[in-house]
Structure formats: structure tokens, C-alpha cells
Amino acid sequence: QTDPTTMDLPVVDLPRTEYGKPFIPPTDDSDAPLFSVSHQFPFVGICRILDANDIPQNLRLGMDIVMFDEINSRLYSSEMDFCRVFQRSFAPGEWSCIERAQYPLQEFYLRWAIKEAYTKALGKGMSLKFDSFQTKLDVAACRYGWSLWDHLERPRTPSSQTNEEVHRLWGTISKVNSVDTTESERWLLMFIPLPSCGKNGYACICFGPAENEKALCETSLSRLDTTLSELIQFHVAARETEKNGTVTNDKCA
């Protein structure tokens, strides 16, 4: 239901690329900020590079939020029955990881999020066919029969646990059936758990391509994960503050 207090909020119409990706134009003092936005109920997320002037021009950033929704049992007899609908979107190696996984639905969602984040980083979105590229992760466990889901959800030691855990993995993304090794690129993948309302989900950030992996790891990223209701409440409060003539810090900055 629409909240009437949000109806008079200003709408910023950002320009878009030929593929529909929104962007903020550069100014005389700085380059265009590199950012990516994603949403899936109940979350809205945005990530951006804090200082775009200090990064190589070829770096890209994409983000996708995925929630592990249950399948519709009236349409699909099993989780694999649902996943097979999307089999053609994956390279053989990627599909094998889903098919062998103990929890194929979770593995499917995570692998799909990588593809979404990567195509958003390139600025092409769904116009780039998902089966035209593949991702191979630098996770030893994945090479010995474990899934990406197993790796992210494995028990943590007390010393490795944090209040806001971010999983960082390196992967090689390449064109399918390409024999040219120059077609392969190194990308940094970040996974952030998003538990909510009894469901689980992850935000996946795809950052690259990397010529210097150490330098890429040291690049400062800003990230905001919030719920849609919290975002609306924030803007309503900001609007009221503006009407009252006072200034507060921007939570989203």
C-alpha cells in the first residue's frame, strides 16, 4: 500500500546507457561515481567505490541481491525440476556444481546472482546471454565436490566470526568455448549474508577485471543494505527535516 506521506518526494531521473543502466554524469571536478543498485523484497542495496578518481578506467562494479525463495510446489515437483528450467543459462561446469550440490536450490540462486552481478558490472544486464560466459571460483572445496553454498555456510571459528561477515572469493570469468586465454579475466566476488523474516539471502558484488589483485582488494567500497520499509521511512524523515529547515547526516552516504 502506498504511503501518502511519500507522494510529494522529489524523483531524480538519472540518465541511462543504451542498455538501460543508470549512471551519474561526471563533473568538472571528478569522474562519474561507480555504483550499482539491486533490490529483491524485502531488501534494497547499493554499493559504490568511494574514490573513483584513484581506480583504473576499466574497472567495473555490479551488485545483485538474491533471496532464497521457496519454489511453487504446484508448478514444480522438486527443486531440481525448478532449476532445470534455467539450465541453458549456465555453462556445463557451472551446471554440474548445481546438479551435484546437496542443496541445489541455494546453489542455483548463488550462481545466478554471480551472473546478474557480472552483467550489471558490464552495464549490459540481461542483454548479455548468461550462457555466453562461465565463472570458475578459486575455492579448493568447490574443486573437490563441495558447493559454493557449502563454502559460504560452513561453520566458522569464533575468531573468524564478525557482526558483518563478508566472504571474498576470486574467480576467473571467461567466454564459453573460447580457446584464447586473453578472453579470461580475474574478478573479485563478495558475498554478504542477508537474513530476514525467516528467509536467507545474499548480496553478491562483482568487482573487476583485476590486473593487480592486491590493489583491487585494497580499494575502498561503501555498501548499504537496508529494507524497503526502512528506506521509505528514512526518506520521509529526511523530507520532514527539510521542511523544518534543519540538516541531518545522510544515512545513505
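Predicted model: local features only at pLDDT ≥ 70, side-chain atom pairs only at ≥ 80, totals over all residues.
**View 1. Overview of the protein chain.** The chain holds seven helices and eight strands. Of its 253 residues, 39% are buried. Contacts between residues at least 6 apart in sequence were also sorted by separation: 59% of them join residues at least 24 apart.

**View 2. Packing of helix 2 against helix 3.** Helix 2 covers residues 92–100, and helix 3 covers residues 104–122. Their axes lie 7 Å apart, at an angle of about 150 degrees. Angles over 145 degrees count as roughly antiparallel, so helix 2 and helix 3 are roughly antiparallel to each other. From helix 2, the contact takes in Glu94, Cys97 and Ile98. From helix 3 come Pro104, Glu107, Phe108, Arg111 and Lys115. By class, the residues of this contact are four nonpolar and four charged, with no polar residue.

**View 3. The aromatic pair of Phe68 and Trp149.** The whole structure contains 18 aromatic pairs, according to the search. Phe68 and Trp149 form an aromatic pair with edge-to-face geometry. Their ring centres are 5.4 Å apart, with 75 degrees between the planes. The pair links distant parts of the chain, 81 residues apart. Phe68 lies in the loop between strand 3 (60–67) and helix 1 (79–83). Trp149 belongs to helix 5, residues 148–153. Are the two partners buried or exposed? Residues under 20% relative accessible area count as buried. Phe68 has 11% relative accessibility, so Phe68 counts as buried. Trp149 has 10%, so Trp149 counts as buried too.

**View 4. Surroundings of Ser184.** Ser184 is found in the loop between strand 5 (167–175) and strand 6 (185–193). With a relative accessible area of 35%, Ser184 is partly exposed. Which residues does Ser184 contact, leaving aside its neighbours within four places in sequence? They are Thr172, Ile173 and Ser174. The view also includes Gln134, 50 residues from Ser184 along the chain. The C-alpha atoms of Ser184 and Gln134 are separated by 9.6 Å.

Terms used
Residues numbered from 1 in each chain as written. Heavy atoms only, no water. Axes fitted to C-alpha atoms, helices over the stretch in contact; angles between N-to-C directions. Helix = DSSP H or I, 4+ residues; strand = E, 2+ residues; numbered from the N terminus. Parallel < 35°, antiparallel > 145°, perpendicular 65-115°, else oblique. Contact = heavy atoms within 4.5 Å. Nonpolar A, V, L, I, M, F, W, Y, C, P; charged D, E, K, R; others polar. Phe/Tyr/Trp six-rings, centres within 6.5 Å; stacked < 30°, edge-to-face > 60°. Buried < 20%, exposed > 50% of the residue type's maximum accessible area, 1.4 Å probe, protein only.
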